[in-house]
Amino acid sequence: MANALRMEMANDLISAGEVNIISKFFGLSKDMVYTSTNSKVEGEVLEFKVEAEQEIKKLFNKSIEELSSMEEHGIRKNVATLGNIKLDICKSEDNEFVAIRLYKYEQYEYKPISDLKIFKGNDAKTMLRLI
């Protein structure tokens, strides 16, 4: 798991008001928590080859009802060790919150190619089933 605070979308999540930052151990350590349940938020990064870009973009264009009928963990079959497409995932430990954003490697850096997508409650659980 990646540190959610160090992910590129961390500032956008904080700005959206979905998460808070809490200090621990005399301020030497910080955690991101989902505001509704105070559950710790963890990050994960999946990388894909550029050929998988269109399939992954489907996650951003379909309604949650359409996503419900998709294959469980379907996009993980396209995961690459090193890829041009990166999917950042922030999820709460209680699975009540998921945020995802897609990036593409261009000109020596990853640039966002999707909006930040936030799922809560049952919608979050549906998204976690797919990724």
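Select S39 to begin: at 10% relative accessibility S39 counts as buried, where buried means under 20% relative accessible area, exposed over 50% and partly exposed in between, with a 1.4 Å probe and protein chains only. This is a predicted model, in which local features need pLDDT of at least 70 and side-chain atom pairs count only at pLDDT 80 or more, while totals for chains, interfaces and linings use all residues. Residues are numbered from 1 along each chain as its sequence is written, and side-chain values use heavy atoms, with hydrogens and water left out.

**Around S39**

S39 sits in strand β3. Helices (H or I, at least four residues) and strands (E, at least two) are DSSP runs, numbered from the N terminus. Show the neighbours of S39 next. Not counting residues up to four places away in sequence, S39 touches M32, V33, Y34, S92, E93 and D94; contact means heavy atoms within 4.5 Å. Among these, E93 has its backbone nitrogen 3.1 Å from a polar atom of the S39 side chain.

Step back to N38, found in the loop between β2 (29–34) and β3. N38 counts as exposed, at 59% relative accessibility. Its phi is near 55 degrees, a positive value in a residue other than glycine. Most residues other than glycine have a negative phi.

**The whole chain**

Zoom out. The protein has four helices and seven strands, and from the N terminus on its elements run α-β-β-β-α-α-β-β-β-β-α. Taken along the principal axes, the C-alpha atoms fill a box of roughly 45 × 35 × 25 Å. The radius of gyration of the protein is 15 Å, which agrees with the value near 14 Å that a compact globule of 131 residues would have; it is taken over C-alpha atoms, and the globule rule is 2.2 Å times the number of residues to the power 0.38.

Buried residues make up 42% of the 131 residues. Of the contacts with a separation of 6 or more, 63% are between residues 24 or more positions apart. The accessible surface comes to about 7,400 Å², and 45% of it belongs to carbon and sulfur atoms; such areas come from the Shrake-Rupley method with a 1.4 Å probe, and for residues only the protein chains shown count as cover.

**Strand β4**

Select 85–92, which is β4. Eight of its eight residues are buried. I85, L87, I89 and K91 point one way from the strand, and K86, D88, C90 and S92 point the other way.

Which strands pair with β4? β3 and β4 pair in the antiparallel sense over eight bridges, and β4 is joined to β5 by seven bridges, also antiparallel. Two strands pair if DSSP finds at least two bridges between them.

β4 and β5 form a hairpin with four residues between them. Select N95 in the loop between these strands. N95 has a positive phi of about 65 degrees although it is not a glycine, and at 30% relative accessibility it counts as partly exposed.

Return to β4 for K86. K86 is buried, with a relative accessible area of 9%. Its side chain makes a polar contact with the side chain of E8 (2.6 Å). A polar contact is a pair of N or O atoms within 3.5 Å; within protein, one must be able to donate a hydrogen and the other to accept it, and residues adjacent in sequence count only if both atoms are side-chain atoms. Leaving out residues up to four places away in sequence, K86 touches E8, V45, L46, E47, R101, L102, Y103 and Y110.

**The nonpolar cores**

Now select L87, V98, I100, M127 and I131: of the 20 residues in the largest nonpolar core, these touch the most other members. A nonpolar core is a set of buried Ala, Val, Leu, Ile, Met, Phe, Trp, Tyr and Cys residues joined through side-chain atoms within 4.5 Å. The elements that give two or more residues to this core are β3 (39–48), α2 (53–61), α3 (64–68), β4 (85–92), β5 (97–106) and α4 (122–130). α4 gives the most, with four residues. Apart from this core lies another, of 14 residues, among them A4, Y34, A99 and Y103.

**Helix α4**

Finish on α4, where A124, T126, M127, L128 and L130 are buried. The buried residues of α4 pack against α2, α3, β4, β5 and β7 (117–120).
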